[in-house]
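Open the model in your viewer and keep the selection tool at hand. Each stop says what to pick and what is there.

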Amino acid sequence: MADIEESREQESDILKELTHPQYDELLRSGSIKNLSQNTVLFRQGDDATNTYYVKNGKLKLTKINPDGREVIIRYVYAGGLTAAVSVLKDREYPVTAESIEETEVIGWDKRTILSIMKKNPDIAVNSLMIVLERLEELQNRYLELCAEKVEQRLAHTILRLSKAAGVKTSEGICIDLPLSRQNIADYAGTTVFTASRILSEWERKGWIKSDRGKITISNPHKLMIFSESGNK
């Protein structure tokens with residue numbers, strides 16, 4: 001469980017090293033939006049006008065494939081930043097951002113975020129580190145798609161989601177996100193039929209439990225070993 005808590009702290013690294021006055025000034029310089037559940041913050045293809053910091057709640061980032069299907073790219077949790085690169089480079093939003101629960105965000109336009117970074121170099125450095133971490137994650141996911149069996153990719157997907165959104169319960173680590181089998185399949189780069197078959201097998205083995213769109217990892221140790229070796 002320590003790894004999960006550590007991950008959540010790292011999500012807030014964008015603001016680390018700031019004093020309380022700097023933090024207050026930063027928040028005041030942005031525009032606050034309170035989103036109810038399932039509210040779109042911005043859409044894929046729109047001009048990227050604002051970068052957003054999630055103060056409370058969660059965002060789901062999705063992309064429409066050429067075949068018209070929506071695919072989950074990643075989730076942004078409290079303390080996370082999204083769309084910074086698109087805004088700074090005057091691009092379109094590459095994804096759609098939607099709240100999956102009541103969510104509060106703070107937005108800054110390009111001029112404001114550049115001014116903030118000049119006044120607080122730590123924020124610029126922290127932003128760069130977060131971008132590099134996301135790039136590394138994308139590279140790892142690409143390598144998984146190229147080199148690993150589908151079962152291992154699915155195990156890595158479940159573990160990655162649990163690290164970011166896991167909540168410890170009496171039954172194990174519950175992934176606190178609404179996840180359909182299709183969502184999980186898209187995230188792991190496989191079909192919903194294959195994902196359902198594998199997840200059902202893991203449920204029979206006692207590695208996971210699923211109920212009402214939520215997955216609980218009952219035996220994270222077994223799943224971790226399997227993700228690395230592929231041995232059942």
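Select aspartate 109 and threonine 112: their side chains are joined by a polar contact of 2.7 Å. Such a contact is a pair of N or O atoms within 3.5 Å; within protein, one must be able to donate a hydrogen and the other to accept it, and residues adjacent in sequence count only if both atoms are side-chain atoms. The model is predicted: local features need pLDDT of at least 70, side-chain atom pairs count only at pLDDT 80 or more, and totals for chains, interfaces and linings use all residues. Numbering starts from 1 along each chain as its sequence is written, and side-chain values use heavy atoms, without hydrogens and water.

Stay on aspartate 109. It lies in strand 8, residues 103-109 (strands are DSSP E runs of at least two residues, helices H or I runs of at least four, numbered from the N terminus). Aspartate 109 counts as partly exposed because its relative accessibility is 34% (buried is under 20%, exposed over 50%, partly exposed in between, with a 1.4 Å probe and protein chains only).

Now show its neighbours. Leaving out residues up to four places away in sequence, aspartate 109 touches Thr49, Asn50 and Val87 (contact: heavy atoms within 4.5 Å).

Next, select residues 181-188, helix 7. Here 6 of the 8 residues are buried, so the helix is largely enclosed by the rest of the structure. Colour the buried ones: Asn183, Ile184, Ala185, Asp186, Tyr187 and Ala188. Then step to glycine 189, which follows helix 7 and has a positive phi, near 75°.

Finally, zoom out. The protein chain has 9 helices and 12 strands. Of its 232 residues, 45% are buried.
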